[in-house]
Amino acid sequence: MDQHAAHLLSAADDADAGAWLDRRDAVPAVWARYTDLVVERGFGSWIETVTGERYLDYTCGIGVTNTGHAHPRVAAAIAEQAGRIIHAQQNILYHKPGLLLHQRLPARFPGLAPGERAALFLSNSGAEAVEAAVKLAKAATRRPAVVAFRGGFHGRTHGAMALTTSGVKYRGHFEPLLGGVHHVPYPYPLRNPTGRDPEAALDFTMAALEELFATTIYPDDVAALLVEPILGEGGYVVPSDRFLPALRELADRHGILLVADEVQSGYGRTGRFFATEWTDAVPDIVVMAKGIASGMPLSGILARGDLIDSFAPGAHGGTYGGNAVACAAALATLDVIEDEGLLANAERQGRRLLDGLRALAEGHGCVAEVRGRGLMIGIELADPGTLAPRPDLAKGLLHEAFDRKLLLLSCGTWSQVVRVIPPLVTTDDEVELALRVMGESLDAIGA
Ligand SMILES: Cc1ncc(COP(=O)(O)O)c(C=O)c1O
């Protein structure tokens, strides 16, 4: 063991996995836990614990490790950059990986017309990027309000949590929250009061927006419509493909900016680079994080045209934003996504999983819906007649899968949805294995 790490553990501890397990209580319970595994290493779709057990990781670190754990090209880029300079602060220095990323990522802006440009602003986490997007929209429009969608998750910083309504735990007890934030229902076909048809759910949402503008706030006071193209934490809900175009039309009518929060749905997760690209709607601002640097803390916004110049120098920023090592990881991540055809793999494996899970669901009345796009898949558990959410069954499914060494997460307001988020590198054999385990797990919980 190298001497710099000696304070972390003794040589005896290293040989004794139990010593690591004993240390877990020091981590505060605010990190609500899915497992008590202590990890030794990860590779591709797999993690290995300090006790030598291997698990198929279809949590992907909550949708982050899209290129798989410790992809050799990403790891090499990180090591190489760390050996040159780690922190070349953005206000003080330019660094090569950052300069390259500021050229390369704007070209990924969804639906950019030929000759149109976009610009990149980098920060560290999804919530921080959401804050940047909302601040930029306010700076650009000089309007005070933001409209977001009920069930949305946009982060836990004080501003972002005012936008978040996927669960009361994220905002209850923290009043007063940021003002000027309004919510309307997300088009959630399964839980739409006017029927299960996606188009009916969309009509319900659009009517709620019109009603908001008629009863509560003038649209010309609204800076931004903030939307997840596919609802993430709120339940992996896929809306009608007309949703984003309808928001685009509404936004244009009232001079509002359309902000797509692609923190969870972006970076190839759905089989397109951004989920917005499944429609022809062009947002004004795109928010990114999670998959952007394969696990290094990096996030950002892409802003269309000259929007980014609405920020006066110094109006936004941060000590660590656009860190050199994180940018090197981001460049390697883009290389891997492109060179290994990961968008196509996400679409193909996603289709296999979706079809396979739908077939499995047929024998299980409490599976209310299997839905998703690419490798962003949700299994909603509910009572067949009443559609009452069944978080107990979702939890049971997670536990049964865990016992069979498959890691899954839940989501949804009532934790009633099991989400399946494999890395984009997942293979045919791994998908087969996951389907077999999920089939056995559904049988075991008697859903
Ligand atoms: C859509 C969306 N926006 C924002 C966030 C916040 O990101 P972070 O946890 O990195 O702050 C998340 C996190 O899950 C998310 O899913």
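An oxygen atom of the ligand sits 2.8 Å from an N or O atom in the side chain of Gln 264. Such a pair is a polar contact, meaning N or O atoms within 3.5 Å; within protein, one must be able to donate a hydrogen and the other to accept it, and residues adjacent in sequence count only if both atoms are side-chain atoms. The protein covers 85% of the 380 Å² of accessible area that the ligand has on its own. Accessible areas here come from the Shrake-Rupley method with a 1.4 Å probe, and for residues only the protein chains shown count as cover.

This is a predicted model, in which local features need pLDDT of at least 70 and side-chain atom pairs count only at pLDDT 80 or more, while totals for chains, interfaces and linings use all residues. Residues are numbered from 1 along each chain as its sequence is written, and side-chain values use heavy atoms, with hydrogens and water left out.

**Around the ligand**

Backbone atoms also reach the ligand. Gly 126 places a backbone N or O atom 2.8 Å from a ligand oxygen atom. Phe 153 has a backbone N or O atom 3.3 Å from a ligand nitrogen atom. The residues around the ligand include Ser 125, Ala 127, His 154, Gly 155, Glu 228 and Glu 233. Also among them are Asp 261, Val 263 and Lys 290. The shell divides into 3 nonpolar, 5 polar and 4 charged residues. In this scheme Ala, Val, Leu, Ile, Met, Phe, Trp, Tyr, Cys and Pro count as nonpolar, Asp, Glu, Lys and Arg as charged, and the others, Gly among them, as polar.

**Salt bridges**

Side chains of opposite charge can pair when their charged atoms come close. A salt bridge here is a side-chain nitrogen of Lys or Arg within 4 Å of a carboxyl oxygen of Asp or Glu. The whole structure holds 34 salt bridges. Three of them are set out below.

| Salt bridge | N to O distance |
|---|---|
| Arg 351 and Asp 355 | 3.0 Å |
| Glu 400 and Arg 404 | 2.8 Å |
| Arg 404 and Glu 440 | 2.9 Å |

Where do Arg 351 and Asp 355 lie? Both are in helix H11 (residues 342-361), 4 residues apart, so about one helical turn separates them. Helices (H or I, at least four residues) and strands (E, at least two) are DSSP runs, numbered from the N terminus. Arg 351 is partly exposed at 43% relative accessible area. Asp 355 is partly exposed too, at 40%. Buried means under 20% relative accessible area, exposed over 50%, and partly exposed in between (1.4 Å probe, protein chains only).

Arg 404 bonds with two partners. One is Glu 400, the other Glu 440. The pair of Arg 404 and Glu 440 links distant parts of the chain, 36 residues apart. Arg 404 lies in the loop between helix H12 (391-403) and strand E13 (406-407), while Glu 440 belongs to helix H13 (residues 428-445). Arg 404 is partly exposed at 29%. Glu 400 is partly exposed at 22%, and Glu 440 is partly exposed at 32%.

Elsewhere, salt bridges link Glu 116, Arg 248, Asp 252, Asp 284 and Arg 304 in a network.

**Strands and sheets**

Strands of a sheet pair through backbone hydrogen bonds, either parallel or antiparallel. Two strands count as paired if DSSP finds at least two bridges between them.

Strand E15 (residues 417-420) points Val 417 and Arg 419 one way, and Val 418 and Val 420 the other way. All four are buried. Strand E12 (residues 376-381) runs antiparallel to E15, joined by 4 bridges. There, Ile 379 has Val 418 as its bridge partner. Strand E14 (residues 409-411) also pairs with E15, antiparallel over 3 bridges. Cys 411 stands opposite Val 417. E14 and E15 make a hairpin with 5 residues between them, and Gly 412 in the turn has a positive phi of about 95°.

A further open sheet has 4 strands in the order E1-E2-E3-E13, with mixed pairing. Its edge strands are E1 (39-43) and E13, each pairing on one side only. E1 and strand E2 (residues 46-49) run antiparallel, joined by 4 bridges. Gly 42 has Ile 47 of E2 as its bridge partner.

How values were computed:
Near = heavy atom within 4 Å.
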